[in-house]
Amino acid sequence: MTVQQEISRSRSDELFEQAKKCFPGGVNSPVRAFKSVEGVPLFIKKGEGCHIWDEDDNQFIDFCCSWGPLILGHNHQAIRESIIEAVSLGTTFGAPTRLENELAELIRKHNPHVEKLRFVSSGTEAVMSAIRLARGFTGRDKILKFEGCYHGHADSLLVKAGSGLVTFGETTSAGVPEAFARETIVAPLNNMEAVKQAFKDHPDEIAAVIIEGIPANNGLLIQEAGYMQELRECCTQHNALLILDEVITGFRLGMDGAAGYYDIRPDLVTYGKVIGGGMPVGCYGGSAEVMGKISPDGPVYQAGTLSGNPVAMAAGIAQLKVLQGNNFYKNLNSKAEEFAASIERFADARNYPLKIQSVGSLFWFAFAAPSPIRAAAEIDPASMGFFKIFHRELLNRGVYLGPSGYEVGFVSAAHSKVELEKAKRAIFEALEITFKK
Ligand code: PMP
């Protein structure tokens with residue numbers, strides 16, 4: 001094992017001091033603050049393929065990939081060129097463009113449950129709008145969500161959520177009125193009885209059940225197909241809508257996301273991340289009947305000045321066109337699955353208390369876990385101590401993971417086998433230090 005120098009952080013340190021004067025916690029999104037790991041956030045200067053460079057010129061193999069959108073890696077040529085072409089015609093018109101149709105057709109073609117859709121500018125906006133629509137369509141107010149599932153920061157969904165909330169040990173955000181939180185019922189994942197009980201306790205009151213395609217904001221909590229199918233049936237039985245939040249899984253697991261993976265037909269679906277090719281895009285969609293309630297066709301209002309922005313649409317189109325090519329997901333997923341499996345073999349051979357939970361090109365280091373973990377409550381918060389050491393040791397060896405042990409890693413098409421081998425060697429060394437007695 002090589003003894004590793006700490007990476008230099010002097011420029012990032014300086015920038016963070018300046019940022020703290022400008023932004024709460026020095027950041028524009030909480031998890032970026034490196035609060036649950038060591039050191040200050042690294043200020044990133046550029047990305048190319050599977051690599052990023054920080055302002056101190058440290059180079060990393062990046063498994064955060066901007067939290068998922070960059071399935072083709074950083075600065076992909078086709079996406080860059082399509083953005084430049086779109087920008088050269090103007091940045092925004094506040095009027096329809098043909099690019100919106102083109103991206104919508106690419107989404108619809110692979111997802112028959114999406115008959116109509118509406119573009120927005122983030123995953124949060126997509127989910128917030130889908131919830132309003134579900135309430136408007138059913139005439140009911142309550143939403144059932146799952147413990148540990150993160151759906152963005154809309155009021156009614158910031159209850160027992162994952163991502164930044166779990167990182168900072170909060171179950172519900174301050175500023176969410178109790179009256180709103182009361183409309184949100186929270187059930188544990190992987191427990192059909194709890195869902196049935198909620199429907200029993202609140203007859204004809206639940207507008208929608210919302211679940212992440214594969215819960216990936218509080219560890220990677222892979223649900224069984226039977227459970228997801230039962231959830232679908234249960235919603236139908238009680239005239240509630242099933243909202244599948246595919247902000248992470250959409251066009252990540254495959255062109256048909258988690259709906260295809262589990263073979264279920266959600267009533268509403270939300271996308272973000274991958275469909276924007278790295279630009280701010282989200283969307284929600286469903287049957288023509290349900291989407292018909294959206295303004296101007298129907299009474300549920302939702303709008304956006306920059307919605308369907310042409311530059312963002314161009315990036316999304318370029319990305320999805322590459323993804324629908326032959327064997328794209330087969331190649332990506334098999335590369336990523338082999339990567340995860342070989343790390344697990346390494347850990348198993350040494351009896352390390354570590355499992356790698358992975359699906360497709362998503363993976364999660366489950367420290368101190370008897371595999372598989374399927375519900376948030378099964379994660380031991382003390383295991384985050386391991387992650388803190390692991391994260392530091394990985395940075396020192398040129399591997400960048402998102403700065404929280406609850407967040408998943410992403411493999412992109414730009415991660416070559418050679419780079420994955422390099423990353424594995426770094427991971428093995430970092431694990432040896434993490435578990436050194
Ligand atoms: N839903 C899910 C499943 C997510 O993972 C996220 C963000 N990670 C969101 C919604 C919110 O998306 P955004 O950060 O773009 O608002």
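Which residues does Ser173 touch, not counting residues up to four places away in sequence?

Author: The model is a predicted one, and the description below should be read accordingly. Ser173 touches Leu158 and Leu165, when residues up to four places away in sequence are not counted. Ser173 itself is found in the loop between α5 (164-167) and α6 (178-181). With 16 other C-beta atoms within 10 Å, Ser173 is partly exposed; the reason is that a residue counts as buried with 20 or more such atoms and as exposed with 12 or fewer, and because 16 lies in between, the intermediate class applies.

An open sheet is formed by seven strands in the order β4-β10-β9-β8-β7-β5-β6, and its pairing is mixed. At its edges stand β4 (116-120) and β6 (184-187); each has a single partner strand, so one side of each is left without a neighbour in the sheet. On average, neighbouring strands of this sheet are turned by 20° against each other, direction ignored.

Two pairings within this sheet may be followed residue by residue. Strand β5 (residues 142-146) pairs with strand β7 (residues 206-212) in the parallel sense, over three bridges, and here Leu144 stands opposite Val209 in β7. Helix α7 (residues 192-201) packs on the sheet and touches β5, β6 and β7; the direction of α7 makes about 155° with that of β6. Strand β8 (residues 241-245) also pairs with β9 in the parallel sense, over three bridges, and Leu244 stands opposite Val269 in β9. In strand β9 (residues 268-271), Leu268 and Thr270 point one way, whereas Val269 and Tyr271 point the other way, and all are buried.

Another open sheet has three strands in the order β11-β12-β14, with antiparallel pairing. Its edge strands are β11 (354-359) and β14 (409-410), each of which pairs on one side only. Six bridges join β11 to strand β12 (residues 362-367) in the antiparallel sense, and Ile356 stands opposite Phe365 in β12. Helix α12 (residues 328-349) lies across β11 and β12 and runs at about 170° to β11.

Strand β2 (residues 51-54) and strand β3 (residues 59-62) pair over three bridges in the antiparallel sense, with His51 opposite Ile61 in β3. These two strands form a hairpin with four residues between them, and Asp57 in the turn has a positive phi of about 65°. β3 is also joined by two bridges to strand β13 (residues 399-400), the two running parallel; in that pairing Asp62 stands opposite Tyr400 in β13.

There remain two helix pairs. Two packed helices are described by the angle between their axes and the distance between the axes. For helix α2 (residues 77-87) and helix α11 (residues 310-323), the axes come within 8 Å and cross at roughly 150°. α2 and α11 are therefore roughly antiparallel to each other, and α2 passes α11 in a right-handed crossing. On the side of α2, the residues that meet α11 are Ala78, Ile79, Ser82, Ile83, Glu85, Ala86 and Val87; on the side of α11 they are Pro310, Val311, Ala314, Ala315, Ile317, Ala318, Gln319 and Val322. By class, this contact has 12 nonpolar, two polar and one charged residues.

Helix α13 (residues 384-396) and helix α14 (residues 417-434) pack with their axes 9 Å apart, at an angle of about 140°. That angle makes α13 oblique to α14. The crossing of α13 past α14 is right-handed. α13 contributes Phe386, Ile389, Phe390, Glu393 and Leu394 to the contact, and α14 contributes Ala426, Ile427, Ala430, Leu431, Ile433 and Thr434. By class, the contact of α13 with α14 has nine nonpolar, one polar and one charged residues.

Definitions and conventions:
Residues are numbered from 1 along each chain as its sequence is written. This is a predicted model: local features need pLDDT of at least 70, side-chain atom pairs count only at pLDDT 80 or more; totals for chains, interfaces and linings use all residues. Two strands pair if DSSP finds at least two bridges between them. Axes are lines fitted to C-alpha atoms, for helices over the stretch in contact, and angles run from 0 to 180 degrees between N-to-C directions. Two residues are in contact if their C-beta atoms, placed from the backbone, lie within 7 Å. Angles under 35 degrees count as roughly parallel, over 145 as roughly antiparallel, 65 to 115 as roughly perpendicular and the rest as oblique. A crossing is left-handed if the near helix is turned anticlockwise from the far one by less than a right angle, and right-handed if clockwise. Ala, Val, Leu, Ile, Met, Phe, Trp, Tyr, Cys and Pro count as nonpolar, Asp, Glu, Lys and Arg as charged, and the others, Gly among them, as polar.
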